[in-house]
Amino acid sequence: MVSGSAVMSGCSNGLISPYQTLTRREGQLVEILADRIIPPDSRNPGGKDARVPHFIDQQLGKHLSDSLEMYQACLPALNEACKSRHEVIFTELGEQEQILYLTDIEAGVYDSGPERRLWGHFAPSLFFSVLVDHCMMGYYGSPKHGGNKNYASYKMLGLFVEQVPMRPRSS
Amino acid sequence: MANEHVDVVIVGAGAGGGVVAKELSAAGLSVVLFERGDWVNYSDHRDDELTSQRGFPLKPFFGPDMQRYRRVAVDRDGTERIVYPNEWAYGNIAACVGSGTVAYGAMAWRFMQEDFTMKSTYGEVEGSSLADWPIGYQDLEPYYEKAEWEIGVSGDDSKNPFAPPRKKPHPMPAFGHNREARILEAGARKAGFHPFSIPMLRNSEPYQGRGQCIHVRNCVGFACRVNAKNGTHNTVIPTALATGNCDLRVNCKVAKILTNSKGRVTGVSYFDEHDQLREQTADIVVLAASATETPRLLLNSASTHHPNGIGNKYDWVGRNLQDHAYTGADGLFAEDIYDDVGPGASVAICDFAHNNPGIVGGAMLANDFIPLPYAFTKVRPPGSARWGRDHKEFQRRNFHRRASIRGPIQEMPNFESRVQVSDEVRDHWGIPVVKLSGYRLDQDMEAAKFIADKAAQWLEAAGAVDIWKSLPGLGVGASQHQAGTCRMGDDPQSSVTNKYGQVHGIDNLYIADGSLHVTNGAFNPVLTIMALGYWVSEHILKEHGPPLPREV
Ligand SMILES: Cc1cc2nc3c(=O)[nH]c(=O)nc-3n(C[C@H](O)[C@H](O)[C@H](O)COP(=O)(O)OP(=O)(O)OC[C@H]3O[C@@H](n4cnc5c(N)ncnc54)[C@H](O)[C@@H]3O)c2cc1C
């Protein structure tokens, strides 16, 4: 099922969003953020390839629907508020600058000051901590909720998915 | 169609209620056992950490559901907010047949003798309504034994020098240790402590027709894949149903306790599985709805005879809400200590449960259950990066190198920590919801600091290289170990029930759950709740029952 907002965003952008709850543009931003929060490396996939954005998209329409309004207000704000100190919007920054910017958001640098109003009534640092938590759920939780593709994180931690029964040694 | 009158109605098919249902139906009484939830299965849930009962950011699979249930939590500054079952402030155990006993960690502790005599052991504690239980360990000892044998516990007290005296050993041998616990066991010895294998409501060998534990990591928070974890749902409740005398009504929400003009109880009203309001009359009503829902029922059942709620003449219903302030330390090791043998918790010490200089009470200390991958993202030394490259590196490197030692601090009861019912907020059925408020005392924090130090000392002796402590907050706790809200006592002016769980002044209303605890022990509470279930049942049968069936 494609939700109303997805259809609308599809029309306005001339493209269909691969997401159900997030617009195409919101989804793209979440993809970048998921990779900054859980970066890909030579050994294991990052947030985006593990389908963290799909987890977030799915759950914002389901168990995490209370956070939808926050995402809708804060994602564009995160992108725009970047301009004041970095000249460009977030998506145009290089990877290292993006990390620095996010580190500042986490530290509360944007919780006051002129750009604060862009975020509506959600403190930027609060949004970021919620986003980090949701990324962790998506990366480490059961694939049945849309993320952790092929149990990527379980493999990363060296865990068998269906555990082979074992016996502890007697003490 | 009206329901047929029965001998006994029991509200709640959890730890206490399951035991009472079996005892009374086996003795020949006709019983209706009400449960607001339903049966649950492993296969419907499997390995889903995000909805496990141990930490449920999406929703608690074992109930209650997020649509129809809510509560009010009052912050220290008096601010009230609505909370849902997947928030810690809600104070959730579960809502299903067996309740917490389906998904629990299954530690099967007997309280120590001192746990029943806290007031006479430690004296007056400022700000606390501390009291002794009206019964002692020796009164409950035979009922602990019964719980251990009928529900099934693996253990060996002979290795624990602080264990209270027992007549009969545990029915199954103690569990061995995984690699982490073996290292910790050696560390405890080195530190001069007395480690032993935690008694567990899990099968270390086949027992009563069910198989033995297969040591998976998804144990606490989950139903058992091979049905080797013992709760009321796979022991006493099936036995009760097999007598033909017990009618278990699932998805039925008891709304009120009904009383007559003399103030005696006549039955309950409830919303059935189709949300129709119905009545069930009975000679006796037993409340076993948990330490948060039992006082709610009493308070919601006010009548002209009971203007402040049933059993609440002296304003003790809902007071003295206790939990356990969990405290301890985490440690990282230089090498891998993880071997993926679950459930994780298996080695404990009772050296600091009591008799700690300058401290009231204390706690049993044990290694923790395996944290699953999402839970592990919260396991960090202070100041660590929460995301980015460092986050990922920490997960990869330390998931196999971490141990945690934790213990349930025995909280001092206080009159202001309490369950009330909300004036404004109602559940799906229009019933006023639980309102939780209160705080922990400074004494609890002193005990927590002391116990966290001991946990750190243990980890150090075991060879951990990076150790950090964690202390509980000051807010009221009401979650998995909730207790104390309808305390038993000899004086009707300072307790809710007599020592048999019979509500003062109402001869046919009983309580048989964690609400009865005067104090909540230095241990996880469930075996004590089960033992009380047997204790209360025996008294009901003596006072009201048919002659006890003779053993042939
Ligand atoms: C994840 C987890 C791990 C745990 N690990 C341990 C452990 O290792 N050791 C230990 O000792 N304890 C453990 N516990 C705690 C243990 O489960 C509880 O102490 C115990 O279940 C409480 O027993 P009770 O009879 O007071 O209430 P419950 O067992 O909660 O039973 C109450 C029942 O009443 C039902 N009910 C409530 N209101 C109504 C109503 N109005 N109408 C109909 N039905 C109603 C509820 O749905 C529930 O089934 C754990 C709990 C959890 C959740």
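Chain B contains an open sheet of six strands in the order β5-β11-β12-β13-β10-β16, with antiparallel pairing. Strands here are DSSP runs of class E with at least two residues, helices are runs of H or I with at least four residues, and both are numbered from the N terminus. Two strands are said to pair if DSSP finds at least two bridges between them. The edge strands of this sheet, each of which pairs on one side only, are β5 (196-197) and β16 (466-470) of chain B.

The model is predicted: local features need pLDDT of at least 70, side-chain atom pairs count only at pLDDT 80 or more, and totals for chains, interfaces and linings use all residues. Residues are numbered from 1 along each chain as its sequence is written, chains are lettered from A and ligands numbered from 1 in the order in which they are written, and side-chain values use heavy atoms, with hydrogens and water left out.

Helix α10 (residues 442-462) of chain B lies across β10 (324-332), β11 (347-349), β12, β13 and β16 of chain B, and runs at about 25 degrees to β10(B). Such angles, from 0 to 180 degrees, are taken between the N-to-C directions of axes, which are lines fitted to C-alpha atoms, for helices over the stretch in contact; contact means heavy atoms within 4.5 Å.

A further open sheet in chain B has four strands in the order β4-β3-β15-β14, with mixed pairing. Its edge strands are β4 (80-83) and β14 of chain B, and the twist averages 35 degrees from one strand to the next. Strands β14 (residues 418-426) and β15 (residues 432-437) of chain B pair in the antiparallel sense over five bridges. Along this pairing, B:V421 stands opposite B:V434, and B:V419 has B:L436 as its bridge partner. The two strands β14(B) and β15(B) form a hairpin with five residues between them, and B:G430 in the turn has a positive phi of about 85 degrees.

Backbone geometry also deserves attention in the loops. Most residues other than glycine have a negative phi, and most peptide bonds are trans. A cis peptide bond joins B:G63 and B:P64, with omega about -5 degrees, and B:P64 belongs to the loop between β2 (31-34) and β3 (71-74) of chain B. Another cis peptide bond joins B:G342 and B:P343, where B:P343 is in the loop between β10 and β11 of chain B.

Which residues are closest to the ligand? Of the 36 residues that surround the ligand, the closest are B:E35, B:R36, B:S99, B:M107 and B:V526; a residue is near a molecule if one of its heavy atoms lies within 4 Å of it. An oxygen atom of the ligand is 2.6 Å from an N or O atom in the side chain of B:E35, and an oxygen atom of the ligand is 2.7 Å from an N or O atom in the side chain of B:R36. Taken alone the ligand exposes 1000 Å², and the protein buries 98% of that, with accessible areas from the Shrake-Rupley method and a 1.4 Å probe.

Definitions and conventions
Polar contact = N/O pair within 3.5 Å; in protein donor to acceptor, adjacent residues only side chain to side chain.
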